[in-house]
Amino acid sequence: MKALKHLNKYFYKYRYRLIIGVIITIISKIFVLFTPRFVGDSINIISDKLAGKISYDVFKTELITNVSLIIGAAIVAGILTFLMRQTIINVSRYIEYDLKNEIYQHYQVLSLNFYKSNRTGDLMNRISEDVGKVRMYVGPALMYTINTITLFTVAIIYMVNTAPVLTLYTLLPLPILSVSIYKLSRLINKRSTIVQQSLSTLSTYAQETFSGISVIKSYGIETKTNSEFADLSAENRQKQINLTKVQALFFPLMILLIGVSNLIVIYVGGMQYMNGEIENIGTIAEFIIYVNMLTWPVATVGWVTSLVQQAEASQERINEFLKTEPEIKNAANELTPIKGNIEFKNVSFVYPDTNIQALKDVSFTLKSGETLAILGKTGSGKSTILDLIGRLYDIENGNILVDNTTISKLNLYSLRESIGYVPQDAFLFSDTIKNNIMFGKEDATDEEVIEAAKDAKVHKNIIGFSKGYDTILGERGITLSGGQKQRVSIARAIIKKPEILLFDDCLSAVDTETEEKILKNLVRLTKDKTTIIVSHRVSSAKNADQIIVLEDGKIIQTGNHENLISVEGYYKELYTKQLSEKEIQ
Ligand SMILES: Nc1ncnc2c1ncn2[C@@H]1O[C@H](COP(=O)(O)OP(=O)(O)OP(=O)(O)O)[C@@H](O)[C@H]1O
């Protein structure tokens, strides 16, 4: 129960609703328990009439009164049971909502490394399945426990008062029922977890084949994927059947034990009545109803125990995530406005998860408003430099300064707020093009969106779609070409008008002519912004104030276009090669 203590703050938050729920539950159970009493009384009245002890008129009045009381008690109990669910079960939904938000907000502050070391499926499970199991503890488990305790306390008081020995016999099979249901529930839970796992394997497989359908079709391997899916499906079917087998035992077991209890009541009660130990025949009917009323709550003791165990395990997993501290922490509470001066001083960086040394002793200085171009072979560390400026990772060797302050001492949100980043793989959300661009500036006007799209040279493409800027992208909508995606992603960054712009090889899928036009616009837009352009093309780099060439994480050349084409080296070679390619075109 240690892990579940985390939920106490929520119980406290909703204490008033819970207290009302508990009171309603108790009152409703008292009303439920009126029924056996009145049924017993009614049978006694009939028996008295048969024995000639009362007149027909008295018999009729008493019977009608009793029946009215039974109906009245049932109606009140019904209304209260409805209110009980409305309070306790609703609280469990509120807590479920709060907990999901708490986990999601925590996910948002965790660093990239956390996402790399945890599978997306696991992260999703914490927020859906695990929270769902915890809710069962907060809602149904709590409700049934109060239910059982109240029902038992009130019923046993009534029963002992009426026939103490019969009470003892009646209750005898109930612990057996509770233990059996507990064992069965555990088995059901175990098997449902197995079914869940196999279902998630099945859906992951289906999802992957749908995403990669063009590859599957072009390689003509549909038969292979079909048979793999059929195998997984058959495995899942078998697991479902195994689960159904144990689930099917649940109700027969209950009916069996209720039957045993009923038999005991009839036999022992009958004998006692014959011996005169029980005064009224109605008591037997009363006890039969008690048995039937108590069976379900007793069964729930076993069920609830297994619910609590599951919730405990789920909450433990959730707590593990909630306890994970973000590696990148904000060190300054005050906002720190950023001008955009960037300096790398002997920066070396090793990716913690792979131990790959991505940067070695990298130094450069970039004044606010200047443009830096980074060139180099694939895997030479270009993107890593951009990630470090956005403080997606912290470094251990060297120093990165922004406006002469070590980056880790700046307000993290101010820093990131001041950056417009266009990643290598443009990521667009399944939303309209307009909203995807506005992601960079939530309060942007339509004119600003269009202007940004024009500057990124994607406006004409967008208005070519029948729904224009309202065209939905992604799974539910159209698929943009690689170059269109990159340009929407550029529009998203420039609409923000940030102090620092980072372009990570974001024109690679754009033809050289469009690239030239975009670059021209960028020169105008980034006039007073610090800009870093990562590229494999000299055309993107040649206008930069500074160019650095990386190889295996080290700077091997530095200068501007004129300097670098006048010396032998990587840059000149690339320039000559790309110049001749252009001539061929
Ligand atoms: N997130 C990461 N985790 C671990 N290693 C990484 C990560 N990103 C990059 N690396 C490794 O760091 C090195 C530098 O990668 P980086 O992405 O900075 O190169 P790049 O010059 O941008 O390459 P490209 O031109 O192909 O984009 C590579 O060896 C790469 O495998």
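Which domains does the domain assignment of the protein chain give?

1. **Domains.** The model is predicted. The assignment gives domain 1 (3-323), domain 2 (331-418 + 500-585) and domain 3 (424-497). Taken over C-alpha atoms, the centres of domain 1 and domain 3 are separated by 51 Å.

2. **Ligand shell.** There are 15 residues around the ligand. Those that come nearest are Tyr 351, Thr 378, Lys 382, Ser 383 and Thr 384. By class, the shell holds nine polar, three charged and three nonpolar residues. Helix H12 (residues 382-389) supplies the largest share, three residues.

3. **Transmembrane annotation.** The UniProt record, an unreviewed entry, places the feature "transmembrane region" at residues 16-34, 63-83, 141-160, 166-184 and 246-267. Two of these spans can be set against the model. Residues 63-83 are 100% helix and 0% strand, with end C-alpha atoms 30 Å apart. Residues 246-267 are also 100% helix and 0% strand. Their end C-alpha atoms lie 32 Å apart.

4. **Helix H3.** This helix covers residues 34-50, 17 residues in total. From first to last C-alpha it reaches 25 Å, close to the 24 Å expected at 1.5 Å a residue. Its buried residues are Pro 36, Phe 38, Gly 40, Asp 41, Ser 42, Asn 44 and Ile 45. They pack against helix H4 (56-109) and helix H11 (282-323). Just after H3, Gly 52 takes a positive phi of about 75 degrees.

5. **Helix H8.** Helix H8 runs over residues 174-211. Its 38 residues should span 56 Å at 1.5 Å a residue, and the end C-alpha atoms are 54 Å apart, so the two values agree. Leu 177, Ser 178, Ile 181, Leu 184 and Ser 185 are the buried residues of H8. Their cover includes helix H10 (222-275) and H11.

6. **Pro 173.** Is Pro 173 buried or exposed? Pro 173 is buried, because 21 other C-beta atoms lie within 10 Å, and 20 or more is the cut-off. Pro 173 sits in the loop between helix H7 (164-171) and H8. Leaving aside residues up to four places away in sequence, Pro 173 touches Leu 257, Val 260 and Ser 261. Leu 249 is 76 residues from Pro 173 in sequence, and their C-alpha atoms are 18 Å apart in space.

7. **Asn 355.** Asn 355 is not a glycine, yet its phi is positive, at about 65 degrees. Asn 355 is in the loop between strand S1 (342-350) and strand S2 (357-366). Asn 355 counts as exposed because it has 7 C-beta neighbours inside 10 Å, and exposed means 12 or fewer.

8. **Lys 497.** Here too the phi is positive in a residue other than glycine, near 45 degrees for Lys 497. The residue lies in the loop between helix H17 (482-494) and strand S7 (500-504). Lys 497 has 14 other C-beta atoms within 10 Å, so it is partly exposed.

9. **Lys 454.** Helix H15 (residues 446-455) contains Lys 454. With 14 other C-beta atoms within 10 Å, Lys 454 is partly exposed. Ala 3 is 451 residues away along the chain, and the C-alpha atoms of Lys 454 and Ala 3 are separated by 54 Å.

Conventions
Residues numbered from 1 in each chain as written. Predicted model: local features only at pLDDT ≥ 70, side-chain atom pairs only at ≥ 80, totals over all residues. Near = placed C-beta within 6 Å. Helix = DSSP H or I, 4+ residues; strand = E, 2+ residues; numbered from the N terminus. Nonpolar A, V, L, I, M, F, W, Y, C, P; charged D, E, K, R; others polar. Expected span 1.5 Å × (residues − 1). Contact = placed C-beta atoms within 7 Å. UniProt positions renumbered as here; feature names shortened; annotations may be inferred. Domains from an automatic or database assignment.
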